[in-house]
Amino acid sequence: MKNIFFLTIWLSLYGTKTSLAQARPEKKGYEVAVYYFPDYHPDSINDRWHGKGWTEWELVKSAKPRFPGHEQPKSPSWGWFNEADPQWAAKEIDLASGHGIDVFIYDWYWYRKTGPYLQEGLEKGFLKATNRNKMKFAIMWANHDWLNIHPALLDNERIKLTEGKVSWPLWDTISTYIVENYFKQPNYWKIDGRPYFSIYEIITFINGLGGMAKAKEAIALLDEKTKKAGFPGVHFNIMSCMVEDRQLSSIQGPGAPADAGKMLQELGCSSVSTYCYIHHYAGLKKDGFPTIPYEKAFASAKEYWTSFTTKYPGVLYTPNVSMGWDASPRCMQTDRFEMRAYPWTPVLTGNTPAAFEKALREARHFLDVYNPPHKIVVLNSWNEWTEGSYLLPEQRTGTRYLDAVKAVFANKP
C-alpha cells in the first residue's frame, strides 16, 4: 500500500501535467551555473562609502560565533585574494571548470547615482584571465537598492546608499553597454544562441520606468540591440522571488498584469531562476532561531520547483541548490543576534558536503523528470561568504562541496 501511495503522489506531481518539456525532444545534457558575488576587490565607490581599500573580506574577517556551535569566522583556504587580479581569476576558472561548473553568473550592478559598480572583478579579473575560455559567463543585474548593511545595525535602520530604479535614458545606456561589452564576448553564455540576461528585481525595473508598457518597450529595445549585434535575440531571465501574485500590488503605473503568469508573458520572459533557498522558505520565521536544519530549507525548495513548473509549464525553470545560509557576518558583531529583517535571519545548519551532494542529486533527478529543453541547475554560490554560501575552498572542508558538484554533474551525458 505504501508503494501505491507514493506512486500516486509521484504521478500527481510529474506524470500527468502538460509541460514545456513534453512539446520538445528529449535532451540528456546538463549545464551547471553558479552565482558569483564580486565584492572582494577594491572599488572606488566602496572607498567612498567604507574607506580606502575596503572590501567585503573585512566582514568575513570580523565575524564571530553568535551561538554555541556556530562556525564563524570562515577561513578561506586561499586567503583574502583580489578577484580583479587576472591571475587569481585564472585559479578560480581552473577550479570551477575542473569540478563540473560551466558558467559564472555575475551579480552585476549599475546605479543611477554611482554608474557602474563592482565590475572590475569581471572586467579586469575574469575577462583578462588567460584561461577565460574554459568557462562561460553571464550577468544577473542586481538592481535592488544598495543599503548600508556592511554591517547592519540592530536598530534596523536601512540607510539607502543608492537606488535601484533607473530611467529610460539610463536603461538605453546600460543595454548598449551590456550588448557591446558582454554579449559579444566569445564565451558569453547563450541559450539557443541567445545571450542570457537576468534581472533580479523585475518590479523595481517596471516601477522605475513608469509601468508595464515602458518595461515591455525596454526589454524589446534590448532584444532589438541584441539582434542588431548578430544574435537571434536575448534570453531574458527573471528571479522567482518576483513571480508571485502578491508582488503585483507593488507595480506602479498603468497596465499592471492580472497575475504573475501574465507578467511573464507580457515581458517575453524566457526563463525563471531562484537565487537561494530562503526566498521561498515559508518556515523561515516559525521553524526556529538562530538555526534551521538544512534539510527543511531544501524540502521547501523542492516543493517550489514542482509548484512553479506545474503552474507555469510554458516557462523554463532552473532549480537552485544552495550550499548554505548564514548572513550573520553582515550584522554588527557587537549587537545582539536576534530575529529581525535581513540580515538578522536564521542560520542553516547541517549543510554538510554530504547533504549538499544529496540535494544536487535530487536536483538532477528533478531535471530528468521535468525534462525541459535545457537542463540547467543554478548554484548559490561561488563566493557569498557573508551569506554563508560558498563553493570556494574553506579550511574546515577544503574542496568537498566542489567535489560534490563534480561527483554529480562533471560527467554530463
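This is a predicted model: local features need pLDDT of at least 70, side-chain atom pairs count only at pLDDT 80 or more; totals for chains, interfaces and linings use all residues.
## Helix H8 against H9

On the H8 side, the contact uses Met212, Ala215, Lys216 and Ile219. H9 supplies Met263, Glu266 and Leu267. By class, this contact of H8 with H9 holds 5 nonpolar and 2 charged residues, with no polar ones.

## Helix H7 against H8

Helix H7 spans residues 202-209. H7 packs on H8 at an angle of about 105 degrees, and their axes lie 7 Å apart. H7 is therefore roughly perpendicular to H8, since 65 to 115 degrees is the range for that label.

Phe205, Ile206 and Leu209 of H7 make the contact with Met212, Lys214, Ala215, Ala218 and Ile219 of H8. The residues of this contact of H7 with H8 divide into 7 nonpolar and 1 charged, with no polar.

## Cysteines

How many disulfides does a search of the whole structure find? The search finds 0. A pair of sulfur atoms must lie within 2.5 Å to count.

For Cys276, the closest cysteine sulfur is in Cys241, 8.1 Å away, so the two are too far apart for a bond. Cys276 is buried, at a relative accessible area of 3%. For Cys331, the closest cysteine sulfur is in Cys276, at 15 Å, again too far for a bond. Cys331 is also buried, at 0% relative accessibility.

Definitions and conventions: Residues are numbered from 1 along each chain as its sequence is written. Side-chain values use heavy atoms; hydrogens and water are left out. Buried means under 20% relative accessible area, exposed over 50%, partly exposed in between (1.4 Å probe, protein chains only). Contact means heavy atoms within 4.5 Å. Helices (H or I, at least four residues) and strands (E, at least two) are DSSP runs, numbered from the N terminus. Ala, Val, Leu, Ile, Met, Phe, Trp, Tyr, Cys and Pro count as nonpolar, Asp, Glu, Lys and Arg as charged, and the others, Gly among them, as polar. Axes are lines fitted to C-alpha atoms, for helices over the stretch in contact, and angles run from 0 to 180 degrees between N-to-C directions. Angles under 35 degrees count as roughly parallel, over 145 as roughly antiparallel, 65 to 115 as roughly perpendicular and the rest as oblique.
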